[in-house]
Amino acid sequence: MKFQAFWQQLTKETSSGKKYLTISRKKPFTATYHDGNIVIKPSKIPVFERPITQNEFRKVWNKASKLSVGERFVGKNYHDDTFHASYIIALMKSIVNDGDISF
């Protein structure tokens with residue numbers, strides 16, 4: 001799957017908000033597409049919304065395309081790239097699962 005197809009599907013699925021779990025810790029969060037960003041709302045109090053840009057997703061996507069399937073959805077592989085790795089990889093996995101990630 002190419003990034004643009006992923007992004008279109010993600011924005012469609014999150015247009016009215018959708019609940020997800022992080023991969024490693026199984027922490028619930030809600031993702032909502034708003035004003036060109038995916039807004040993450042962790043399920044903890046106080047709730048701080050975290051807008052994530054398309055460019056931040058693309059940066060993680062590009063790196064994931066170079067990793068093996070076994071390493072692709074491991075958050076620590078992206079800590080130098082983003083503070084939001086746990087959320088981004090959970091959203092990526094929800095759409096591509098173990099499928100192909102390409103430029």
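Which residue forms a salt bridge with Lys-41? Glu-49 does, with the closest N and O atoms 3.4 Å apart. The model is predicted: local features need pLDDT of at least 70 and side-chain atom pairs count only at pLDDT 80 or more, while totals for chains, interfaces and linings use all residues. Residues are numbered from 1 along each chain as its sequence is written, and side-chain values use heavy atoms, without hydrogens and water.

View 1. A salt bridge is a side-chain nitrogen of Lys or Arg within 4 Å of a carboxyl oxygen of Asp or Glu; the count is 3. Lys-41, at 36% relative accessibility, is partly exposed (between buried, under 20% relative accessible area, and exposed, over 50%; 1.4 Å probe, protein chains only). Lys-18 pairs with Glu-13 at 3.5 Å, N to O. Asp-81 lies in the loop between helix 3 (69–72) and helix 4 and Lys-63 in helix 2, so the pair ties together parts 18 residues apart in sequence. Helices are DSSP runs (H or I, at least four residues), numbered from the N terminus.

View 2. Glu-56 sits in helix 2 (residues 54–64). Glu-56 is buried and has no salt bridge; Lys-59, the nearest side chain of opposite charge, is 7.8 Å away (Lys and Arg count as positive, Asp and Glu as negative; His and the chain ends are not counted). The side chains of Glu-56 and His-84 are joined by a polar contact of 2.9 Å (N or O atoms within 3.5 Å, one able to donate a hydrogen and the other to accept it; residues adjacent in sequence count only if both atoms are side-chain atoms).

Key. Helix = DSSP H or I, 4+ residues; strand = E, 2+ residues; numbered from the N terminus.
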